[in-house]
Amino acid sequence: MLRITKVYRPDNIDEALNIFDDNPGIRPIAGGTDLIIQLSDSLESAMLLDVSRIEKLKKINITGGKLFIGAAATHSSIAKSRKVIESAPLIAESSGIMGGPAIRNRATIGGNVANASPVAESLPTLIAHAAEIVLVSANGLRKMPVEDFHLAPGKTALQSGELILGFEIPVVSEDFFGFYNRLGSRAAVTITKVGVALASIKSGDRLGNVRIALSAVAPRVIRAPETEKIMSGANLDDGLIEQAAKKLVSECTPITDFRSTSEYRSDMVGQLFRMGFGRETPQN
Amino acid sequence: MAVGKSVVRVDARSKATGKAVYVADMFMPGMLIGKVLRSEFPRGKIVRLDVKKARSIHGVHAVLTADDIPGKNVCHVVFEDMPLLATGEVRYVGEPIALIAAETEAAAQLAIEAVELDIEPLGILIDPEKYNSPDSPILFGEDNIFAHHKIRRGDIENAFAQSDTIIERVYRTTYQEHAYLETQGMLAVPTAEGGIDVYGTMQCPFYVHGAVSDVTGLAQSRVRIVQTTTGGAFGGKEDVPSLVAGWASVLALAAKRPVKLILGRTEDFVSMSKRHPSRVEVKLGATKDGKLTAAGIDILFDGGAYATLSPVVLWRGTVHSCGPYRIPAVRVDARAVATNKVPCGAYRGFGSPQTLFAIESAIDELAEKIGMDPVRIREINHLRRGDETVTGQKLGESVGLQECLERAITESDYYNLREKLHGRNGPVKRGVGISTIFYGVGLGAGGTHFARSGAYVGIQPDGSVQFAVGTTEMGQGMRTVLGQIVAEAFGIPFERVYCLPVDSSRVPDSGPTVASRATTMSGRAILVACSTLKGNLAGVIAPEWGVSPKAITFGENCAFRTDNPAKRISWNDLVERAFAQKVVLTIVGYDSSPPTSWDEDSGQGDAYVIYAWAVNVAQVAVDTRTGVVRVEKLWAAHDVGKAINPTLVEGQIEGGSVQGLGYALTEEYIIDKNGIPMNPRLSFYHIPTTVDAPEIHPIIVESAYSEGPFGAKGFGEQPLMGIAPAVANAVFDAAGIRLREQPFLPERVWPKLKKGAR
């Protein structure tokens, strides 16, 4: 049952940080599409810090070759943003398929990352795009790669008193090649049961700067360093893709749960990867 | 005038605009919130249940256990084995143990947490196939069997011996959750004179009426049940609302205040009825030219912790288990058994989707073995007028299966479509599958004692007409269709007719709103009432016209001489004169169903008064890279006797088909080997979205039923029933893999594709 004892709705970051100081244990909330469900299931009461009025947290802009997406930007606004579509296309894509329209209109990218689920829609694409998370506290700003931020299911590197300000993502060049392929349980409004994101730079028949992120195949969203190594700089042909797909499968450790089986997830990591190079998107 | 027209549903606007009042929207002065404390164990002994602390919490007005129930601690369905509240032992996760009524949700929740409860786990039976294993506990009777039904026809051994081809296969199906938009809920209001009024979401107000009287100990005369706007049911509000109403009622009487008890989604999911999981073993024999010779079928249904509706669900499953075919020799054995899981009950199709999945898959497998087209084997064997069903029932009329088959084949362009789809290359394989099914309309021989209906019809002084029936609107469009029947009977515009909400004090016990029976049964009762009222009205004018009242016809908003239509009086003028002469213009019509027969030992008899028929043709795409099956197109031909409202018939076909697709492809409710529900919420249990829905071509076939209102027969359940086998057969056609376990999740399809097994 929901037991909310207090809700603060600050208008700016400073105010939010002060409230943080005065109310230890207060939980930041934006769209609430994960948090409210968790609180409803919990017997604990909670204080909430609603950050959805802080304008700075909703910004999407480009400065110094980097795209900034505020933590409280909704998935709808990200999916529709020209800046995101052009500068970090996979992130626009993952925000565009997450949940259904009602969820996308409320849920935010910061919330998705803070929730730290291994099936989070935004994590694989942020990681593939080499995004850094920007954290703010009374001590100032702190940045780290998103992949280092997500530690375990439900666990992040967020420290007490810290808020997620947003994400900085290098703007892709014209020779960007990448894809985000995932499977869910139906055609829409579905949670990912296996996902593969790949970002790279293509020159001729070779890929460089290959970054691969996999969701729902390990306790957290993971990189695939060995596969990336095989791919980087090598001649992109069917043989390489096949070799890389096999390596990729060996780099994940999926489990069987009520959403899928470990065998299916393993096989699909390879399949989604192969389909990505044919510029094909799997259908549910 | 009104029948056969697609008038807009009377409840469409109020539901679409949010004005419709559901029980959760209702408030009463002094109203309390009801809550249920439930078992977290699949089986255990209640060794301690102390509610003292819970009762002392501020704002809590009642905390009740089995000992506090003023009447009988029982929810009567078929047997009386299920208690309203657990006593001594709990038998499934979610079983109710104690009830709370409090001023706020928070106080009720605190009280739940304050109940001191110790349960000592006992041995469990989870896998129904182990019902007779020596290690399994006995949960029901002496052998865990809730019911055993049989069909015995012809010399089965000899018939198999004479068969040229025989196949033996096992098919399995799992739970299906109704996922109605509105969860279960009731509001019980004690009356000043010691009675109780209960408002809520339900299919069967007269079941609720009996149940509330049983558990409160109040005379039935002091119990009144009112159905509120019901947001979907699909069978899920057949028997279990009796529990919810019982809880709310005993709380309201104890607290002497109105109590509203609405289930949360997960609570509803865990504790309310489901479609029975099944294992169906089919042995089929045929001659080399495809004529069916024998069917041996063994059915096992997982009934859950209490019998509830299992015996009758199993009966329908049994009667439908051989499909709509002529088979001279048949042996069916069907058992529903007890397990420590949620009691299963009614769900659109009522036991038939499980057995039809098996037989309709098996027919295709048999055809494949003979080397015959799936359509051809059906053409050879399907039931026609004059044939006998496997229960020995001679089919006299309204057998529209052949027309359904012809039209589905023609409109889908089945043969060309198959060839075209097979000709395409690429990793996505496409194919076409078919299913032919039938549906016994109404309760049939399994429920003759409920096969009655009443209708109140009242002509108002201004000439408008109000009516009420004992069957319920749950989204299927009944109020609209019955309004059309009233309008047609009197020959007045549909807009002049209004259907009142269902209230148990307004009409006689009309049995349950199940078995696709509302249109036919309430329609018949309405026609009885209208006929009497027309007689009364005709009697007003007949002496003046010098004819018998029987020689007067109603239509075109008038009454006129049948032999001289120019001699007429307008409806309004006639009603006005009737009122002036104090003629009775308000009446209750009553009707009972035509007879059925059944011999329990041989499974022979006239199982149902009439049958509806259907053919589904499904076009699927199987992605051989992922195992994902998508249904792209669906042609669904249904013989409904007469479409009173064609748009509503199409709506039923489309909605039921999509529900059938969920059953076929994505819906899987998992209770693990320890009896714990794994995914009781709608984000983890995947019903299809509109994006998943295929292109659906509804085909209406009208082979009139002479005893039905204007030829209509019920068919509301049928659209769901044959989808899963049509999809399985299409997957085989597309990719050469045979799916014998529903749902066809990619996790099941992919390993078969990988093996490339045929």
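## Domain 1 against domain 3 in chain B

Between domain 1 of chain B and domain 3 of chain B, the count is 1 salt bridge, in a model that is predicted. In a salt bridge, the side chains of Arg224(B) and Asp503(B) meet, with 2.5 Å from N to O.

On the side of domain 1 of chain B that touches domain 3 of chain B, helix α5 (205–216) and strand β11 (223–227) of chain B each supply at least two residues, and β11(B) gives the most, with 5 residues. By class, that side of domain 1 has 10 nonpolar, 5 polar and 2 charged residues.

## Extent of the domain contact

The domain assignment of chain B places domain 1 at 30–122 + 184–262, domain 2 at 278–445 + 599–755 and domain 3 at 452–592. The centres of domain 1 and domain 3 of chain B, taken over C-alpha atoms, are separated by 39 Å, and 17 residues of domain 1 are in contact with 18 residues of domain 3.

Together, domain 1 and domain 3 of chain B bury about 1200 Å² between them, with 57% of this area on carbon and sulfur atoms. Within domain 1 of chain B, the residues that lose the most area to domain 3 are Gln203(B), Phe206(B) and Gln227(B), which together account for 50% of what that side buries.

## Chain B against chain A

Turning to the contact between chains, 28 residues of chain B are in contact with 26 residues of chain A, and the two chains bury about 2300 Å² between them, 59% of it on carbon and sulfur atoms. Of the area that chain B buries against chain A, 25% is supplied by Arg625(B), His686(B) and Glu747(B), more than by any other three residues.

The count between chain B and chain A is 5 salt bridges; Glu747(B) forms a salt bridge with Lys193(A), in which the closest N and O atoms are 3.0 Å apart. Across this interface, 12 residue pairs are in polar contact. Helices α3 (105–114) and α19 (746–755) of chain B are the elements that give two or more residues to the side touching chain A, and the largest share, 5 residues, comes from α3(B). The residues of that side of chain B divide into 12 nonpolar, 7 polar and 9 charged.

## A buried serine

Ser361(B) lies in helix α9 (residues 352–370) of chain B and is buried, with a relative accessible area of 0%. Leaving aside residues up to four places away in sequence, Ser361(B) touches several residues, among them Tyr171(B), Pro725(B), Asn729(B) and Arg738(B).

Notes: Residues are numbered from 1 along each chain as its sequence is written. Chains are lettered from A and ligands numbered from 1 in the order in which they are written. This is a predicted model: local features need pLDDT of at least 70, side-chain atom pairs count only at pLDDT 80 or more; totals for chains, interfaces and linings use all residues. Side-chain values use heavy atoms; hydrogens and water are left out. Domain bounds come from an automatic or database domain assignment. Contact means heavy atoms within 4.5 Å. Buried area is the accessible area (1.4 Å probe) that two parts lose on being put together, summed over both. A salt bridge is a side-chain nitrogen of Lys or Arg within 4 Å of a carboxyl oxygen of Asp or Glu. Helices (H or I, at least four residues) and strands (E, at least two) are DSSP runs, numbered from the N terminus. Ala, Val, Leu, Ile, Met, Phe, Trp, Tyr, Cys and Pro count as nonpolar, Asp, Glu, Lys and Arg as charged, and the others, Gly among them, as polar. Buried means under 20% relative accessible area, exposed over 50%, partly exposed in between (1.4 Å probe, protein chains only). A polar contact is a pair of N or O atoms within 3.5 Å; within protein, one must be able to donate a hydrogen and the other to accept it, and residues adjacent in sequence count only if both atoms are side-chain atoms.
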